[in-house]
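This report describes side-chain interactions in a single protein structure.

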Amino acid sequence: MRMEIEKTFSFEAAHRLPQVESSHKCFRLHGHSFRVTVRVRGEVDAKKGWIVDFATLGEAWQPLHALLDHQYLNEVPGLENPTSELLARFVAERIRVPQAHVSSITVHETCMASASIFL
């Protein structure tokens, strides 16, 4: 049986968007309580009854949390223009979940605005 599961993580960070007009509010330094949803797809193990342990998703997220939490994202190599879209791609390129395929990453920069990448 093929299924998907997801787990959401959070981190706090500051950023600014240097490519927008200087009059745009996001041009100025500001912060977010980001949430990142990692979704994986795979076969449900007949014995265990799951695709992968949710704890494994947490372990896969931990290095990214250490890299991003309480940082100025513009200073993280590869995130010089840290839009939600580019942050989703950044996470997707770096997260590895053993025995499961990462099918999407969603970055929520506010409770009402998010960007997703589908893999």
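## Charged pairs between strands

E6 is partly exposed, with a relative accessibility of 38%. The model in which this value was computed is a predicted one. E6 forms a salt bridge with R39, and their closest N and O atoms are 2.7 Å apart. Because E6 belongs to strand 1 and R39 to strand 2, this pair ties together parts that are 33 residues apart in sequence. R39 is likewise partly exposed, at 29% relative accessible area.

A salt bridge also joins E4 to R41, with 2.9 Å between the closest N and O atoms. Here too the partners come from two strands, E4 from strand 1 and R41 from strand 2, so the pair ties together parts that lie 37 residues apart in sequence. Both side chains are partly exposed: E4 has a relative accessibility of 30%, and R41 has one of 28%. E4, E6, R39 and R41 are linked in a network of salt bridges.

## Other salt bridges

The total count is five salt bridges. One of them is formed by E93 and R94, whose closest N and O atoms are 3.4 Å apart. E93 is partly exposed at 46% relative accessibility, and R94 is partly exposed at 38%.

In soluble globular proteins, nonpolar side chains tend to be buried together. In this model, the largest nonpolar core comprises 30 residues, and those with the most contacts inside it are F11, V40, L68, L87, I95, V97 and I105. At least two residues of this core come from each of strand 1 (2–15), strand 2 (30–43), helix 1 (54–68), helix 2 (84–94) and strand 4 (101–110).

V97 illustrates the contacts made by one of these residues. When neighbours within four places in sequence are set aside, V97 is in contact with V40, V52, T56, L57, A60 and V102.

## Cysteines

How many disulfides does the model contain? The count is zero. A disulfide requires two cysteine sulfur atoms within 2.5 Å. For C26, the closest cysteine sulfur is that of C111, and because the two sulfurs are 15 Å apart, they are too far for a bond.

Are C26 and C111 buried or exposed? C26 counts as buried because its relative accessibility is 14%. C111 counts as exposed, with a relative accessibility of 71%.

Note on methods:
Residues numbered from 1 in each chain as written. Predicted model: local features only at pLDDT ≥ 70, side-chain atom pairs only at ≥ 80, totals over all residues. Heavy atoms only, no water. Buried < 20%, exposed > 50% of the residue type's maximum accessible area, 1.4 Å probe, protein only. Core = buried A, V, L, I, M, F, W, Y, C linked by side-chain atoms within 4.5 Å. Helix = DSSP H or I, 4+ residues; strand = E, 2+ residues; numbered from the N terminus. Contact = heavy atoms within 4.5 Å. Salt bridge = Lys/Arg side-chain N within 4 Å of Asp/Glu carboxyl O.
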